[in-house]
Amino acid sequence: DITTLLECSSLSEFHDTATGLYNRQGIVNELKNALKNAAPGDSLAVVALRAGLLSDDSNIDGKGLAVRIDSEIADCLKRSAVRSGCFCARIGDRLFLFAAVGSLPPNYPDAVSDRLDTLISHSPLYSQHRGFGTVVTSSDTATAADADPELIISRLCADVEKKVCALSDTS
């Protein structure tokens, strides 16, 4: 029942109950642990993603639909987390993270951003109710030895929101 799911959305300290992904605290903890075990030369790549640009989920039918779309987005994130050291999270309303720790190619965050945009935009519910061009991303990479996950996540979330505001002003 969708009502029960919405009421139980924050029952876990480290996971988003609706999607099964990590929440903000959960992904920060996982990234800190992964960074402690990172090899010299490893890096941290993080992609922040805001889905459903300019969509309105304020009515009750919209909330049920929004939960189903969030689950669909979570599946896209999980399908992209195919290598060891990948983590996915839902950290806010329509705000998601993908992160990886390891020996990553220089274009890794851009490639992941493109892949997620394509997967999400073409998923059935999302494409039907949100359309194309409604995913906004921001990404960053840092050496594992110098990475501060909380700072990177905060900066990327602020950048995504700035992009959303700029796009909203032009619509």
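## The sheet

Two strands count as paired if DSSP finds at least two bridges between them; strands (E, at least two residues) and helices (H or I, at least four) are DSSP runs, numbered from the N terminus. Cys88 has Phe98, in β3, as its bridge partner. β2 and β3 pair in the antiparallel sense, over six bridges.

This is a predicted model, in which local features need pLDDT of at least 70 and side-chain atom pairs count only at pLDDT 80 or more, while totals for chains, interfaces and linings use all residues. Residues are numbered from 1 along each chain as its sequence is written, and side-chain values use heavy atoms, leaving out hydrogens and water.

The open sheet has four strands in the order β2-β3-β1-β4, with antiparallel pairing. β2 and β4 stand at the edges with a single partner strand each, so one side of each is left without a neighbour in the sheet.

## The nonpolar cores

A nonpolar core is a set of buried Ala, Val, Leu, Ile, Met, Phe, Trp, Tyr and Cys residues joined through side-chain atoms within 4.5 Å; buried means under 20% relative accessible area (1.4 Å probe, protein chains only). The largest has 25 residues, and Ile27, Leu31, Leu44, Val46, Leu97 and Ile153 touch the most other members. Among the elements that each supply at least two residues are α2 (24-36), β1 (43-50) and α6 (149-170). The largest share, six residues, comes from α6.

Leaving aside residues up to four places away in sequence, Leu31 touches Leu44, Phe87, Ala99, Val101, Pro149 and Ile153, where contact means heavy atoms within 4.5 Å. Apart from this core lies another, of 24 residues, including Leu21 and Tyr126.

Notes:
Buried means under 20% relative accessible area, exposed over 50%, partly exposed in between (1.4 Å probe, protein chains only).
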